[in-house]
Amino acid sequence: MFNGASHAASTAVYPGSFDPLTMGHLDVIERAAAIFPHVLVAVVVNPQKREPLFTLEERKQMIRAATKHCGNVEVTDFRGLLAGFVKQIGAGVIVKGLRVVSDFENEMSTALMNRSLSGVDTVFLPSDPRYSFISSSLVKEVFFLGGEIEHYVPEPVLAVMRAKRDIRRPTGEPTS
Ligand code: PNS
């Protein structure tokens with residue numbers, strides 16, 4: 001868990017499951033890093049949707065590798081309420097990406113609840129149209145059914161996914 005009491009209001013927290021990081025996530029991180037002095041990517045320990053494919057350490061390592069060119073990006077994890085976490089570290093803002101209009105419906109009430117609980121506002125960045133159809137769950141489904149995903153995830157993620165697939169694949173099974 002992050003213990004960064006030194007990070008003040010200049011910190012923008014970008015929370016998510018990142019199971020795994022996609023090109024859409026990376027684009028939001030890079031754009032947030034150009035706006036805010038410090039971006040803290042906060043990986044939720046236990047995603048609410050389902051058991052993650054990647055361990056917490058794998059998810060954090062993949063993000064660190066993919067963002068190593070960004071000097072003001074750090075990666076941490078949090079468990080429980082996001083509002084409690086942003087309050088604890090004194091974050092200035094929460095960043096969320098919006099891909100499609102339906103994202104907005106959930107994100108709006110979540111943002112208002114988070115502000116009510118913590119006093120911290122949420123800033124939305126619209127997804128780049130090149131990435132608006134990409135989600136972690138679609139990427140996993142396509143990949144494990146044999147589809148090509150190199151345009152949808154950063155290189156370090158692709159490497160970890162290939163390794164995971166090789167572990168899963170029984171010996172002797174053809175590679176394509
Ligand atoms: O990448 P995801 O799965 O869309 O990220 C969702 C995440 C982690 C941002 C969201 O589930 C979250 O904030 N979880 C923490 C629990 C919480 O604070 N719930 C109340 C929301 S008002």
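Pro15 finds its bridge partner in strand 2, namely Ala42. Strand 1 (residues 11-16) and strand 2 run parallel and are joined by six bridges; strands count as paired if DSSP finds at least two bridges between them. Helices (H or I, at least four residues) and strands (E, at least two) are DSSP runs, numbered from the N terminus. The model is a predicted one, where local features need pLDDT of at least 70 and side-chain atom pairs count only at pLDDT 80 or more, while totals for chains, interfaces and linings use all residues. Residues are numbered from 1 along each chain as its sequence is written, and side-chain values use heavy atoms, with hydrogens and water left out.

On to strand 2 itself, residues 38-44: seven of its seven residues are buried, buried being under 20% relative accessible area with a 1.4 Å probe, protein chains only. His38, Leu40, Ala42 and Val44 point one way, Val39, Val41 and Val43 the other. Strand 2 also runs parallel to strand 3 (residues 73-78), again with six bridges, and Leu40 has Glu74 as its bridge partner there.

Within residues 136-144, Ser136, Val139, Lys140 and Phe143 are buried. Looking down the axis, these buried residues fall within an arc of 100 degrees, so they line one face of helix 5; the arc is taken from the directions from the helix axis to the C-beta atoms. They pack against helix 1 (23-35) and helix 6 (155-168), contact meaning heavy atoms within 4.5 Å. After helix 5 comes Gly146, with a positive phi near 95 degrees.

How values were computed: Buried means under 20% relative accessible area, exposed over 50%, partly exposed in between (1.4 Å probe, protein chains only).
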